[in-house]
Amino acid sequence: SGRRSKRSQDILNSISRRIWGLLVLDEVHMVPSDMFRRVLSATRFHAALGLTATLVREDDKIGDLNFLIGPKLFEANWWELVAAGCLARVECAEVHCPMPKDFYRQYLAATNPIQRRLLYVMNPTKIEACQRLLRQHEASNDKILVFSDDLFALSVYSKALHRSCVSGSTPMKERMRVLNEFQHSPTCNTVFISRIGDQAIDLPQATVIIQISSHYGSRRQETQRLGRILRPKGRVQIDPQTGREFAGNASQSPNAFFYSLVSPDTHEMYFSSKRQQYLVNQGYSFKIMNSETLTSAESLPADEMLRYSTPEGQLELLTKVLSMTTETLESIVNNDSGLPSSDEEAEDDLRRAPALRRAGTLAAWSGGLDLVYTEYIAGAKAS
């Protein structure tokens, strides 16, 4: 209804009545959005300080910070922070997962952009590559977060691999239980999570990110997900100059890993290259891996073989994707429940997507097929 509780309204009134000396804005890249602009205009202050690790937006509003807050005064070099032990040393990789012939044939023939997207996300080779990576890193006791923007894919992957899953529809009590087990239990090393894990979540134990689907070409989302594993890791060391302790990496080898699973020769390749631009500008590099290097490493035990690794299982999965109605497909890509919409920043990517056309008559769209009209003539007597 838009109504606030009395306590919330009292807090807002006390904020707007006072003239503040210093206003500190964390995640300042969100300020140019319409909602945060209204909050900023209702607050009176003498000076403002903005903080962010991702000074990037997908729209044209990032430049508005120059007059809303002020010019950029300082930007830390990420690799200097890595060398100082303030950030983990991350190895980034883009894993190419070729689509099976039947999937790729349907991808080329599909006219619905949502269905095309779901086909390259539900690529069975991706599922097997994800399984291989989980097996490899869980053997090293790594803590792994598997991200997916598509809720259907999130459900299928987590059920096929028998791992916990957290999304916006997960009850808060269950969500806190799963995340608490992930942080403290040695038996829970992997959690599948939707975009609710992009920000405002503290999981310092995480050391591996596997990304199976994303929000189009959002550079900020790519950086935020990398940030989930940037907490310093390794033994506590002492700075010889200052005598202060810090968690450093004794060697130059990576102690955190970021994998992005991509279906080659699809539109996902374009989105993936765009998403990496901001991190590349910060000095990161993405090595290219082929899923065949994972699948040929060692054969899986018979009890761990996935149904989707067989032609019959792949056909079953393909049939399930192709049988979805337009309404079901649209509900799959809707924002995760309980999460603010990020469509404003995705406008640039959405404009590139082809329009979704539906056949119908004007009478059907206006509701004329389901209504009965009664005509009245003023002054006429009933016969």
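Glu27 sits in the loop that links β1 (19–26) to α2 (34–41), where helices (H or I, at least four residues) and strands (E, at least two) are DSSP runs, numbered from the N terminus. With a relative accessibility of 31%, Glu27 counts as partly exposed, a class that lies between buried, under 20% relative accessible area, and exposed, over 50% (1.4 Å probe, protein chains only). The phi angle of Glu27 is near 50°, a positive value in a residue other than glycine. Most residues other than glycine have a negative phi. Tyr216 also has a positive phi, near 55°, and Tyr216 is placed in the loop between β7 (208–211) and α10 (219–227).

The model described here is predicted, and local features need pLDDT of at least 70, side-chain atom pairs count only at pLDDT 80 or more, and totals for chains, interfaces and linings use all residues. Residues are numbered from 1 along each chain as its sequence is written, and side-chain values use heavy atoms, with hydrogens and water left out.

Val31 is buried, having a relative accessible area of 5%, and, when residues up to four places away in sequence are not counted, Val31 touches Leu25, Phe36, Arg37, Leu40, Leu65 and Leu68; contact here means heavy atoms within 4.5 Å. Phe74, in the loop between α3 (65–68) and α4 (78–83), counts as exposed at 68% relative accessibility. Between Phe74 and Leu51 there are 23 residues of separation in sequence and 9.9 Å in space, C-alpha to C-alpha.

From these loops the description can turn to the protein as a whole. Its secondary structure comes to 17 helices and eleven strands, and of its 383 residues 43% are buried. Among the contacts with a separation of 6 or more, 78% are between residues 24 or more positions apart.

In soluble globular proteins, nonpolar side chains tend to be buried together. The largest nonpolar core of this protein has 45 residues, and those with the most contacts inside it are Met122, Cys130, Ile210 and Tyr259; such a core is a set of buried Ala, Val, Leu, Ile, Met, Phe, Trp, Tyr and Cys residues joined through side-chain atoms within 4.5 Å. Helix α8 (residues 151–161) supplies the largest share of this core, seven residues. A second, separate core of 30 residues includes Leu179, Cys188, Tyr278 and Phe286. Returning to Cys130, and not counting residues up to four places away in sequence, one finds that Cys130 touches Val146, Tyr157, Leu161, Phe192, Ile210 and Leu261. His137 belongs to helix α7 (residues 124–138) and is buried, with a relative accessible area of 3%. Leaving aside neighbours within four places in sequence, His137 is in contact with Asp142, Ile144, Val208, Phe257 and Tyr259.

The last part of the picture concerns helix packing. Two packed helices are described by the angle between their axes and the distance between the axes. Helix α6 (residues 113–121) and helix α14 (residues 311–322) have axes that come within 10 Å and cross at roughly 160°, the axes being lines fitted to C-alpha atoms, for helices over the stretch in contact, with angles running from 0 to 180 degrees between N-to-C directions. That angle makes α6 roughly antiparallel to α14, since angles under 35 degrees count as roughly parallel, over 145 as roughly antiparallel, 65 to 115 as roughly perpendicular and the rest as oblique. Gln115, Leu118 and Leu119 of α6 and Leu318, Val321 and Leu322 of α14 make the contact, and by class these residues divide into five nonpolar, one polar and no charged; Ala, Val, Leu, Ile, Met, Phe, Trp, Tyr, Cys and Pro count as nonpolar, Asp, Glu, Lys and Arg as charged, and the others, Gly among them, as polar.

Helix α5 (residues 101–109) also packs with α14, their axes coming within 10 Å and crossing at roughly 20°, which makes α5 roughly parallel to α14. Here the contact is made by Asp102, Phe103 and Gln106 of α5 and by Gln314, Leu317, Leu318 and Leu322 of α14, with four nonpolar, two polar and one charged residues.
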